[in-house]
Amino acid sequence: MEITRHTAAGDIQAERQLYSGHIFDIVQQTIHTPDGLTVTRDLVKHAPAVALLALTADEQVLVNREYRVGINAESFALPAGLIDPGESVEAAARRELQEETGFVAQTVTEMTAIRSSEGMTDEVVHLMLVTVDPGRRTSKHFDQDEFVTSDFVPLAEVIAAVKDGRMASAQTVSAVSYYLAFVR
């Protein structure tokens, strides 16, 4: 088998909206698959997002602490957010960094993009490597329904937190792992 970026697509025969929300919609699709089956699947349609591995010159990582409904607790993770309609990935990364942390990106490079669960959502998260200068800070502009605390943490401590599960968000684990495997 040769691994390629994409193979044959399914033919969507019907789609019915089950739920429409602020961040995602849920639809039910009837699909004729490339292998000849006709299946019914539920799909979470989700806006694309960015997650930021923001590093200083001396390998300090910007880490956020924020309440997350999925675990009903605060979690430690990399800064992240949705890409606005019509916004480029780089512009979203710069905006989210400034809004959530008050820091200004010096450089922004896309490392890769990930899909958390292709069997049930179309969400794509672009993992961005960002350099920041701790001395260049502006004001934060949180969304109305969020409050984020940010601080710099040594990369070695972030790696340890990923390894032992203290930092467990898929985009954080993926961004740190990708950086260590392919960039550093």
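Which residues of α1 are buried? In this predicted model, they are Val89, Ala92, Ala93, Arg95, Glu96, Leu97, Glu99, Glu100 and Thr101.

**Helix α1**

Helix α1 covers residues 89–101, 13 residues in total. From its first C-alpha to its last it reaches 18 Å, close to the 18 Å expected at 1.5 Å a residue. Arg95, Glu96, Glu99 and Glu100 are among the buried residues of this helix, and buried here stands for a relative accessible area under 20%. The packing partners of the buried residues are the strands β4, β5, β7 (80–82), β8, β9 and β10 (149–154). Just after α1 comes Gly102, with a positive phi of about 85 degrees.

**Helix α3**

Helix α3 runs over residues 170–183 and has 14 residues. At 1.5 Å a residue it should span 20 Å, and its end C-alpha atoms are 19 Å apart, which agrees. Its buried residues are Thr172, Ala175, Val176 and Tyr179. Seen down the axis of α3, these fall within an arc of 90 degrees, so they line one face of the helix. An α-helix has 3.6 residues a turn, so residues three or four places apart point the same way. The face turned away from the buried side of α3 carries the exposed residues Ala181 and Phe182. The cover over the buried residues of α3 includes β4, β6, β8 (103–114), β9 (125–137) and α2 (155–163).

**Loop residues with positive phi**

Glu59 and Asn72 are treated together here. Glu59 has a positive phi although it is not a glycine, and Asn72 likewise has a positive phi without being a glycine. The loop holding Glu59 lies between β4 (49–55) and β5 (60–68), while Asn72 sits in the loop between β5 and β6 (73–77).

| Residue | Phi | Relative accessible area | Class |
|---|---|---|---|
| Glu59 | about 60 degrees | 27% | partly exposed |
| Asn72 | about 50 degrees | 59% | exposed |

The class of Asn72 is exposed because its relative accessible area of 59% is over 50%.

**A nonpolar surface patch**

Which residues form a nonpolar patch on the surface? Leu18, Tyr19, Ile23 and Phe24 do, with about 340 Å² of accessible area together. Of these, Ile23 is found in the loop between β1 (11–20) and β2 (24–32). Ile23 is partly exposed, with a relative accessible area of 39%.

Definitions and conventions: Residues numbered from 1 in each chain as written. Predicted model: local features only at pLDDT ≥ 70, side-chain atom pairs only at ≥ 80, totals over all residues. Heavy atoms only, no water. Helix = DSSP H or I, 4+ residues; strand = E, 2+ residues; numbered from the N terminus. Buried < 20%, exposed > 50% of the residue type's maximum accessible area, 1.4 Å probe, protein only. Expected span 1.5 Å × (residues − 1). Arc of directions from axis to C-beta. Contact = heavy atoms within 4.5 Å. Patch = residues over 30% accessible without salt bridge, like charges linked within 9 Å, V, L, I, M, F, W, Y side chains within 5 Å. Areas by Shrake-Rupley, 256 points an atom, 1.4 Å probe, with all protein chains shown as cover. Salt bridge = Lys/Arg side-chain N within 4 Å of Asp/Glu carboxyl O.
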